[in-house]
Amino acid sequence: MQTETRDEMRERIIEAALKRFTHYSASKTTMNEIADDLHCSKASLYYYFPDKKALHLSVLEKAGETFFEELETAAAAKSSAYEALMEMISIRHAFARRFCRLELFKTLRDKQILNSEDIFKYARERETQIVANIIRKGVENGELTTDEPEKVATLYIQSMIGLRFSMSHNGMSDDISDEEFETVRGWQIMLADIFIKGLKK
């Protein structure tokens with residue numbers, strides 16, 4: 001029988017926590033419940049993660065990486081900039097609905113475990129780069145015209161973030177209703193449409 005490696009066990013713990021957090025929410029899940037799901041002791045979890053906050057952060061990092069991989073794959077697969085940006089909106093909203101119980105913003109507000117500004121900066125830069133690549137591709141195939149794809153992409157992402165935060169009471173909240181989700185989605189679709197029309201040749 002093959003022995004499980006340290007990395008494999010760590011990944012199994014993250015997967016188990018992700019499943020629990022997604023279904024029940026991070027705050028309502030205990031380390032004991034995750035250990036029970038894995039048929040191991042709570043001490044085994046603490047061997048890999050010093051506390052629940054550290055495990056929560058690792059779960060968020062995994063979910064975030066999955067999100068960006070989906071965005072990059074979709075952007076590369078679409079033949080037009082318009083289709084790529086619209087697909088990004090669909091992926092973003094599907095992700096937000098699927099992982100709304102991960103308590104992203106609650107964790108980002110916890111200064112004891114991470115620097116929220118660094119996390120947001122990384123996410124912004126990565127998503128901006130995806131959009132910049134979409135715009136460059138649109139310029140190359142004659143769909144769009146601009147000499148500054150990076151600046152346009154930065155403006156686009158900042159505008160999208162502004163629409164999302166406009167629905168929260170304190171700028172960073174996980175508590176958004178279905179109606180608010182759909183309102184933001186409609187605004188983002190309209191914004192993408194305006195951007196693309198403005199860049200059309």
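Helix axes are lines fitted to C-alpha atoms over the stretch in contact, and angles run from 0 to 180 degrees between N-to-C directions. On this basis, in the predicted model, the axes of H4 and H5 come within 9 Å and cross at roughly 160°. Angles over 145 degrees count as roughly antiparallel, so H4 is roughly antiparallel to H5. The crossing is right-handed. On the H4 side, the contact is made by Ala 63, Gly 64, Phe 67, Glu 70, Leu 71, Ala 74 and Ala 75. H5 contributes Ala 84, Glu 87, Met 88, Ile 91, Arg 92 and Phe 95.

H5 (residues 81–98) also packs against H9 (residues 178–199). The axes of H5 and H9 come within 10 Å and cross at roughly 165°. H5 is therefore roughly antiparallel to H9. This crossing, too, is right-handed. From H5, the residues involved are Ala 81, Tyr 82, Leu 85, Met 86, Ile 89, Ser 90, Arg 92, His 93, Ala 96 and Arg 97. They meet Asp 178, Phe 181, Glu 182, Val 184, Arg 185, Gln 188, Ile 189, Ala 192, Asp 193 and Ile 196 of H9.

Arg 92 lies in H5 and takes part in the contact with H4 and in that with H9. Its relative accessible area is 15%. Buried means under 20%, so Arg 92 is buried. Neighbours within four places in sequence aside, Arg 92 contacts Phe 67, Glu 127, Met 160 and Gln 188. Of these partners, Phe 67 belongs to the H4 side of the H4–H5 contact, and Gln 188 is among the H9 residues that meet H5.

Buried positions in H1 are Met 9, Ile 13, Ile 14, Ala 16, Ala 17, Leu 18, Arg 20 and Phe 21. These buried residues pack against H2 (31–38), H3 (42–48) and H4 (52–77). Ser 25 follows H1 and has a positive phi, near 95°.

An unreviewed UniProt entry places a "DNA-binding region" at residues 30–49. In the model, this span is 75% helix and 0% strand. Its end C-alpha atoms lie 13 Å apart. H2 (31–38) and H3 (42–48), against which the buried residues of H1 pack, fall within the annotated residues 30–49.

Definitions and conventions. Residues are numbered from 1 along each chain as its sequence is written. This is a predicted model: local features need pLDDT of at least 70, side-chain atom pairs count only at pLDDT 80 or more; totals for chains, interfaces and linings use all residues. Side-chain values use heavy atoms; hydrogens and water are left out. UniProt positions are given in the numbering used here, feature names are shortened, and annotations may be inferred rather than shown by experiment. Helices (H or I, at least four residues) and strands (E, at least two) are DSSP runs, numbered from the N terminus. Buried means under 20% relative accessible area, exposed over 50%, partly exposed in between (1.4 Å probe, protein chains only). Contact means heavy atoms within 4.5 Å. Angles under 35 degrees count as roughly parallel, over 145 as roughly antiparallel, 65 to 115 as roughly perpendicular and the rest as oblique. A crossing is left-handed if the near helix is turned anticlockwise from the far one by less than a right angle, and right-handed if clockwise.
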